[in-house]
Amino acid sequence: MEVLDYNIPPFKTMGWVSDKAKETWNNRFEKINGAIIFTTLKALVKGDWDSQYLIVEGWSYFKILELAAPMEITVKATFLGNENVKGPVYYEVLLTNKHTDPDTLKSSCCIACTTAIREKNRKEHVWQAVLNTKAYQQEGQILSLSSGSDTSVFWQRLLVTIGTQHRCSLQCKRYASLQEALFDKLQVFGYEQEALWLSEMYSWPVEWCASHGICELRTPIIKLAYDTDPTAIPHTIRVEGDNYPTEGAPGKRFPYRKRKFLRITDSKSFKAGLQHGS
Amino acid sequence: MGVELRPLGVKCNIACQYCYQHPQRDVEESTKPYDMDKMKEAILQEGGDFTLFGGEALLVPIEDLEELWSWGLEQFGSNSVQTNGSLITDAHIAMFKKYKVNVGLSIDGPGDLNDVRWAGNLERTRKLTQQSEDAIAQLAKEGLKPSIIITLHRGNVGTAEKRKRMGAWIKELDQIGVRAARLHLMEVESESIRAIYHLTEKENTETLLYFHQLESELKQLRFDIFSEIESLLKADDHGLSCVWKACDPYTTSAVRGVEGNGQRSNCGRTNKEGIDFVKSGLPSYARYISLYHTPQEHGGCNGCRFFAMCKGHCPGTSLEGDWRNRTEHCNVWKTLFELTEERMIAEGEVPLSTHGILPFVEQKLIEGWSQGINPSIQSLIAQAAQQQKVS
């Protein structure tokens, strides 16, 4: 992966596939975010977890600060990006309960990976994470992953996600059990619906494509562009999904559901025109 | 910069082989009902006059056209429509006059030169082309002065003979009173279309230069791209086409689309997925910061002295269909900039591309884009002049 020597300032721009998709899922995103935050805090208070990492957007960070204080939860945040540059704000938040000292926590492969990537001033690590994943297929600069991989990392710019910012592989056992624990706890604390929505989203097909410092993430209901490391050529990751949402749009390319017959360009009359022109 | 109103989405009575809206047509539901109230409300919210657009705008039933245009006249004082012209009737012409409708007409040439604007079979194609030609003549006769959009491809300018016939036709249009024509380099949506219709860089350049030469022989008809390039080199970017203005494909500020159900949409030129994405909120200029820094061999514009003026051109025409790259027509535009630059220098002028102020302009553009602002070159020149005055 050849990385060029410049930096795109932080930005995020989104396009929903339809007003209907926006109306349905924007609200669900908010509910999922709230559910993950409340569940994590409750699990820490209850002692199910001693500590937990969350990746959150700016407004969620302030909500966490407000909620954590009366629960005697310590919040240690790392600003993701450059505080002097205008743009969307993200934090990696380390939450610890009153029995745990955040400075004496054991390291793990994810923490080590995150530290190493930050030292290199890199914004993302997903390409390498896929290369470290056992079951992927490569065709040029396109990596394809089967479903069953951890896709939460792709949603970090849209949703609150659990775990550190970077991970060394997308089929890490530690991460898989962390996700499993999250889904269990969401249900235990009364967020069954949110757990179902989140589980559904993680099973959709997703495409991540970075080029020239701009990443374009495509999902069946929304696409977004944001700043990433400036690669000379496009690097694409495709995660095959198991499900496709009702609000998902049909489209001409991955990850959108393709029509078997393209109404115009597959038609006989259109082909007759091509024949006439050639 | 107005609103493009698409009551029937991209529905059209013909299927031009190269149409940039085919990705949408291929996957969208065939017909969507429209809602007059929602469309009007959306137009008012967008806060500007509108151009009735398609697909083919005149597929909208005439009574609904009348309702839209009478409302448009009342609200904004005039109306606009972009059409292929094949459906224009006397009743439409009467309404164009009554409701002050400016007519833009897309046609690639007379007779067989327009065959690429295919209507299912050859007979129907030629018949509809004739109807479009008749409509232009009728509009001109009625003093309605249509403006024309011509897309360049092998079908109309692929040989010297075809180019000559196009030239003769343009002269006829000039004679009957057409004043403005826009030349489009073909935007390619599939490799089969590229193989059959796309001109090489050399052919595109030669064709544009041919039309530039032709312009001097015309009484009143003008092709805007040549004057726009000269304006850019004179650091005057006021009122130019959207392709020179750092368009963000997620917000396409020059095209504020309103669909039949009131949904806001973007310019279809950047739509490669076939999905009419809902317009994003605030624009981002990341493409332009990225192009400025990315080496040309990787699809960027780094080091190009015309970058501040061209800005990598329309994201819809980007290399590999990826808006993060510069336009695939880069060398064509570069040649036109070079030739105009050369002429200006010969005439004793100093084009922006060779002017000492260029690094300042580039730096200020990058600063602005980094903060989500898209400054005009004119405003930056004024700023520099002000600073000089103060110091």
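Buried means under 20% relative accessible area, exposed means over 50%, and partly exposed lies in between (1.4 Å probe, protein chains only). This is a predicted model, in which local features need pLDDT of at least 70 and side-chain atom pairs count only at pLDDT 80 or more, while totals for chains, interfaces and linings use all residues. Residues are numbered from 1 along each chain as its sequence is written, chains are lettered from A and ligands numbered from 1 in the order in which they are written, and side-chain values use heavy atoms, with hydrogens and water left out.

View 1. Lys12(A) and Glu57(A) meet through their side chains, N to O, at 3.1 Å; a salt bridge is a side-chain nitrogen of Lys or Arg within 4 Å of a carboxyl oxygen of Asp or Glu. Helices (H or I, at least four residues) and strands (E, at least two) are DSSP runs, numbered from the N terminus. Lys12(A) is partly exposed, at 24% relative accessibility. Glu57(A) is also partly exposed, at 22%. Over all chains, the count is 42 salt bridges.

**View 2. Chain A and chain B meet at an interface.** On the chain A side 47 residues are in contact with 48 residues of chain B, where contact means heavy atoms within 4.5 Å. About 3,900 Å² is buried between the two chains, and carbon and sulfur atoms give 60% of this. Of the area that chain A buries against chain B, 15% comes from His212(A), Arg263(A) and His276(A), more than from any other three residues. Buried area is the accessible area (1.4 Å probe) that two parts lose on being put together, summed over both.

**View 3. Polar and charged pairs cross between chain A and chain B.** Three salt bridges are counted between the two chains. Arg218(A) pairs with Glu273(B) in a salt bridge, with the closest N and O atoms 2.9 Å apart. On the side of chain A that touches chain B, at least two residues each come from strands S1 (12-16), S8 (206-211), S9 (214-218) and S10 (222-227) and from helix H7 (268-277). H7(A) gives the most, with seven residues. This side of chain A is made of 25 nonpolar, twelve polar and ten charged residues. Ala, Val, Leu, Ile, Met, Phe, Trp, Tyr, Cys and Pro count as nonpolar, Asp, Glu, Lys and Arg as charged, and the others, Gly among them, as polar.

**View 4. Helix H7(A) has a buried side.** Phe270(A), Gly273(A) and Leu274(A) are the buried residues here. They lie on the same side of H7(A) because they cover an arc of only 100 degrees around the axis; the arc is that of the directions from the helix axis to the C-beta atoms. Lys268(A) and Gln275(A) are exposed on the face turned away from the buried side. The cover over the buried residues of H7(A) includes helix H1 (22-27) and helix H8 (191-197) of chain B.

**View 5. Thr252(B) sits in a loop of chain B.** The loop runs between helix H10 (224-233) and strand S8 (256-259). Thr252(B) is buried, at 1% relative accessible area. Its side chain makes a polar contact of 3.3 Å with that of Lys279(B). Beyond neighbours within four places in sequence, Thr252(B) is in contact with Cys247(B), Asn266(B), Cys267(B), Thr270(B) and Lys279(B).

**View 6. Two salt bridges lie within chain B.** Glu4(B) pairs with Arg6(B), with the closest N and O atoms 2.9 Å apart, and both residues are buried. Lys202(B) pairs with Glu206(B), with the closest N and O atoms 3.0 Å apart. These two residues are separated by about one helical turn, because they are four residues apart in helix H9 (residues 201-215) of chain B. Lys202(B) is exposed at 58% relative accessibility, and Glu206(B) is partly exposed at 34%.

Methods: A polar contact is a pair of N or O atoms within 3.5 Å; within protein, one must be able to donate a hydrogen and the other to accept it, and residues adjacent in sequence count only if both atoms are side-chain atoms.
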